[in-house]
Amino acid sequence: MIRAEVVVELDGREVYRGESKSFVQNFSKILFAILNGTGGVDLAYEGPVSSAVVQKPDGATTTVYGEYYTKYTPSAITSGGTAMGFKAGAGEDAWGILVGSGSDPVSPTQYNLSAKIPHGTDPGKLYYDVHTVTSSYSDTSSYVEIARSFINKSSQPVTVREVGLFARNRYQRADAIEVDVIFMVARDVLPNPVTVNPLGSLLIRYRVILTT
Amino acid sequence: MSQPLNPMRGFIEIEVRDREGRVIQRGRHEMKSFTNNFLKILEGFFNSYGNYPSEYVAKPASKATVVAPDGTSKDAWTEAYYDYHRCGGVAMATRAGAGVDSYGIVVGSGTTPFNLNNYALATKIAHGTGAGQLNYDVMSLDDLGLDTSVSPPVYRVRLMRGFKNLTSSTITITEVSVIARAYWKYTGGVVNDVLFLIARDVLPTSYTVPAGGSASVAVVIEVAMG
């Protein structure tokens, strides 16, 4: 059995732990694209093998790739990529775990938070920290967790009502970014708003749990 | 709206036909058995940057240590970059071709109970036309889309494979697995090619494929949403 949890900690104290109920259809689409890969393609092959159409945060539809090979690149610039990256760095508020102040009910076709709280130190913003990933495996119960901290460096409280998980599908070569698409894979509305006071910190953890 | 405790689950659907094409056995069983390897690939994706991290030139930027069907631990890449070359790959492919019994849906005749650390079938039924073997057809995958007629809505993805019994004896299927392939290459060669079991179920009912008959095995992955 696979299930997911969202855990919210405010100033080091757990204030919410509940089932994540809100994978959106983008998640299943990229999962399909990855599983639909073949592997074993010829060395000379360039381009996509498997793909899916997802909705970006602006609502536009676009193609992402589960299996993809960049074009030849005769320079030192690096080629490669990933089907689904989450580990955005500090200050990056476009992918990974994002938070918002909106409370629109969740639906499978959603593609963005209702009202994203951007990264920053001004009122109404939160400072987005790096991600951490932890895991534990056994015969009967395992989990993997991605977490991110948010710090209120402004002089005003900031209220969080929604949490989203955004992936980035990106492949680059020397002279071009061949694919670069950010898309939301899960969104949860918290049952109660969480207010982060000035200099306060918020920790969001998405945990996927596997049991026999 | 009520919610299931498990946002993601799977079902195995099996249909057995005799040599005349008549359906002689059919069943649908909920899967109980995604493995730690599946979760480890998800961990690999959680650790993938989604952007080029300059300190990771010429090696994987992210990987998962899975257990291959031979029991050895191997790294399956989820993000990689190379200088001066084309580069790319896939972290968890299942669309194997006809006759390939090393990945995709693979069936067996064992009954060893499942645990999350399973990395192989108990007893694989190999591809072929010899005694005890089944002819493996090509894998097919279908994006079945969002079903809003159920509550909560679910999004379904189906993996399917056909198996023909070209031998003169019956063959019994008691376990079904999904084996994935991580495969990455650059201009100079293949740099990561790892097989790993992501699901295995011992069936509550055995399925007997008569000589000249066939079996169709589907794995439907269902994600509950909203």
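**Entry 1: chain B, overall**

I began with chain B and counted one helix and 12 strands. For these I took DSSP runs, numbered from the N terminus: helices are H or I with at least four residues, strands are E with at least two. The model is predicted, so I kept its limits in view: local features need pLDDT of at least 70, side-chain atom pairs count only at pLDDT 80 or more, and totals for chains, interfaces and linings use all residues. Residues are numbered from 1 along each chain as its sequence is written, chains are lettered from A and ligands numbered from 1 in the order in which they are written, and side-chain values use heavy atoms, with hydrogens and water left out.

Along the sequence, I read chain B as β-β-α-β-β-β-β-β-β-β-β-β-β. Its radius of gyration is 19 Å, close to the 17 Å that the globule rule gives for 226 residues, so chain B is as compact as a globular protein of that length. I took the radius over C-alpha atoms; the rule is 2.2 Å times the number of residues to the power 0.38. The C-alpha atoms of chain B fill a box of roughly 60 × 50 × 30 Å along the principal axes.

I then looked up burial. Of the 226 residues of chain B, 57% count as buried. My cut-offs: buried is under 20% relative accessible area, exposed is over 50%, and partly exposed lies in between (1.4 Å probe, protein chains only). Chain B exposes about 8300 Å², and carbon and sulfur atoms supply 47% of that. Areas come from the Shrake-Rupley method with a 1.4 Å probe; for residues, only the protein chains shown count as cover.

For contacts (heavy atoms within 4.5 Å), I counted those in chain B with a separation of 6 or more. Residues 24 or more positions apart account for 70% of them.

**Entry 2: B:M139**

I found B:M139 in the loop between β7 (135-136) and β8 (140-147) of chain B. At 3% relative accessibility, B:M139 counts as buried. I set aside its neighbours within four places in sequence and listed its contacts: B:T94, B:R95, B:A96, B:G104, B:I105, B:L159, B:M160 and B:R161. I also checked B:Y103, 36 residues away along the chain; its C-alpha atom is 9.4 Å from that of B:M139.

**Entry 3: chain A, overall**

Chain A has one helix and 11 strands. From the N terminus I read β-β-α-β-β-β-β-β-β-β-β-β. A compact globule of 212 residues would have a radius of gyration near 17 Å; chain A has 18 Å, which agrees. Its C-alpha atoms fill a box of roughly 55 × 45 × 30 Å along the principal axes. I get 54% of the 212 residues of chain A as buried. Its accessible surface comes to about 7700 Å², 48% of it from carbon and sulfur atoms. Of the contacts in chain A with a separation of 6 or more, 68% come from residues 24 or more positions apart.

**Entry 4: salt bridges**

My search of the whole structure gave 29 salt bridges over all chains. The test was a side-chain nitrogen of Lys or Arg within 4 Å of a carboxyl oxygen of Asp or Glu.

A:E145 and A:R207 meet in one, at 2.8 Å from N to O. The pair links distant parts of the chain: A:E145 is in strand β8 and A:R207 in strand β11 (residues 201-211), 62 residues apart. A:E145 is buried at 6% relative accessibility, and A:R207 is buried at 16%.

I next checked A:D180 and A:R170, which meet at 3.6 Å, N to O. A:D180 lies in strand β10 (residues 177-196) and A:R170 in strand β9 (residues 158-172), so the pair ties together parts that are 10 residues apart in sequence. A:D180 is partly exposed at 36%, whereas A:R170 is buried at 8%.

B:D75 is partly exposed at 29%, and B:K63 is partly exposed at 44%.

**Entry 5: A:R148**

I placed A:R148 in strand β8 (residues 141-151) of chain A. I did find backbone oxygens within reach: the A:R148 side chain comes to 2.6 Å from that of A:E92 and to 2.7 Å from that of A:D129.

Definitions and conventions. A polar contact is a pair of N or O atoms within 3.5 Å; within protein, one must be able to donate a hydrogen and the other to accept it, and residues adjacent in sequence count only if both atoms are side-chain atoms.
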